[in-house]
Amino acid sequence: MQVVHAPSSPHLSIPTSKPPQLTWGLLPSVNVKSSPLFAIHSSLQSQRDPCSLWTPTQKRATLSSGAARAASVEVGNSSISTGTAEEDVLKALSQIIDPDFGTDIVTCGFVKDLVTDKNLGEVSFRLELTTPACPIKDMFEKQANEVVAMLPWVKNVKVTMSAQPARPLYAEQLPAGLQTISNIIAVSSCKGGVGKSTIAVNLAYTLADMGARVGIFDADVYGPSLPTMVSPESRILEMNPEKKTIIPTEYMGVKLVSFGFAGQGRAIMRGPMVSGVINQLLTTTEWGELDYLVIDMPPGTGDIQLTLCQIVPLTAAVIVTTPQKLSFIDVAKGVRMFSKLKVPCVAVVENMCHFDADGKRYYPFGRGSGSEVVQQFGIPHLFDLPIRPTLSASGDSGMPEVVADPQGEVSKIFQNLGVCVVQQCAKIRQQVSTAVTYDKSFKAIKVKVPDSDEQFFLHPATVRRNDRSAQSVDEWTGEQKLQYSDVPNDIEPEEIRPMGNYAVSITWPDGFSQIAPYDQLQMMERLVTVPQIE
């Protein structure tokens, strides 16, 4: 039996031709692809052997089938000499493409614990997906079995499915209660009475039905809806006296926290007090490991909403509206708020769109509000919910519609919404985790801002010198305290970590941690590579 040793994998092949010398030049905030220097680069590249030029794109393509694949296989003891068995299996699995990332599952790093025994014809491995709610996990398992079983020497294939542990992209910077939550979804309308709580609760139970670990946080202190829409056995939140934390209640496997479960009913208090209550309920709750935490946002765009967006690393938002123009006006405010806070809106749900009677479809509140939100703000997905008496009744009965009638028309719409949310969250996490990285071979910081096709490089010293924190710039006078000569030209970052959807944290050798927003990085002078003709 043999376990692949990643560093010695035959897939890790580096071009043997000599890489060109690179000349670094500075351009202020230019798109590299529109630069004349890039045109020269492209012309030279087309005239020569592709392997003779060592560009960032080609380097990534070369390593994608080697280093990335080898890195996805864990190291173990080998009882026979390295052969081609692992190559065969990895090559076969690389035919399976993740439709969300547009990359094969080997390059994505999904293949773990690969063990082969060519003499016995046995292969076993584990596919570790980004979420247990992956809508195509069964397809992945089936295809993996099929492509490996087609190898002529394979007699037995064992595929185990798993998911990455629940964790945010930057757990150490969060309150303890939020450090084991992978994705936080805000369901918002900025207007009362449009069915936002109904959408939030049914979305949460849809995600749970897809296999995810889910929690719901009812952030409406003035009028909490969750106690009416679900029926947990324990309707009072308990405290952990030792840890001084809140233990959430549960209903059908979903964890629940609402001010309505605090024994206080509805709050009568001023805004600053409400913000404090929400902060305490959300951050001191023992949520445990969750794949998705759905937040039922209160109406409006005031202090409470801003507080939530600031203390919680929201992964994405789902916008709820109704067909009326008045609803669109309020919803537009919410979309702009999320845009300003760098929270991507991934879907629009237009509630109470229509009903069918006498073989006809009627639109009692008009048409077009949801479509207008999609068109004006570029939100990619729109879901129409019909007027159904059962949907309203389930909200009053304490059992969500997707639980009461999992095969009904409304449940199918929520299933499509759930698939959309899962896919979009996975894309967002992947984009954020790779938005800013350090390329050691070029000694440059590579930047590709989420939702942008532009990629560019920055000199590390330039990034360090452009820090705008109080340590580098006097807050009162605006005087530059960090001098140009204080930063060595050969400085290199020690670590780059995401800070939500808007910035990265860069740790430098002197121990300084710099917060670099994407907007600021896009304004810095950029590096352009110019390969010299040999």
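By class, which residues make up the lining of the second largest cavity? One is nonpolar, five are polar and two are charged. Keep in mind that this is a predicted model.

**Stop 1: the second largest cavity.** Select Thr130, Thr131, Gln164, Pro165, Ser182, Asn183, Asp291 and Arg429, which line this cavity. The volume here is about 60 Å³.

**Stop 2: the largest cavity.** Now select Asp98, Asp100, Thr130, Cys134 and Ala426. Of the 13 lining residues, these are the closest to the centre of the largest cavity. The space inside is about 80 Å³. Helix α14 (residues 409-433) gives the largest share of the lining, three residues. The lining holds eight nonpolar, three polar and two charged residues. In total, the model has three cavities of 30 Å³ or more.

Stop 3: Select arginine 126 and aspartate 113. Their side chains form a salt bridge, 2.9 Å from N to O. Arginine 126 sits in strand β6 (residues 122-129) and aspartate 113 in strand β5 (residues 111-117). Arginine 126 is buried, at 18% relative accessible area, while aspartate 113 is partly exposed, at 28%.

**Stop 4: a pair between loops.** Go to arginine 213 and glutamate 289. Their closest N and O atoms are 2.9 Å apart, in a salt bridge. Both residues lie in loops, so the pair ties together parts 76 residues apart in sequence.

**Last stop.** Select glutamate 492 and lysine 443, a salt bridge at 3.3 Å. These two are 49 residues apart. The model has twelve salt bridges.

Technical notes. Residues numbered from 1 in each chain as written. Predicted model: local features only at pLDDT ≥ 70, side-chain atom pairs only at ≥ 80, totals over all residues. Heavy atoms only, no water. 1 Å grid on protein atoms, 1.4 Å probe; cavity = no way out; pocket = protein on both sides within 12 Å on 5 of 7 lines; lining within 4 Å. Points joined across faces, edges and corners; volume = space filled by probe spheres on them. Helix = DSSP H or I, 4+ residues; strand = E, 2+ residues; numbered from the N terminus. Nonpolar A, V, L, I, M, F, W, Y, C, P; charged D, E, K, R; others polar. Salt bridge = Lys/Arg side-chain N within 4 Å of Asp/Glu carboxyl O. Buried < 20%, exposed > 50% of the residue type's maximum accessible area, 1.4 Å probe, protein only.
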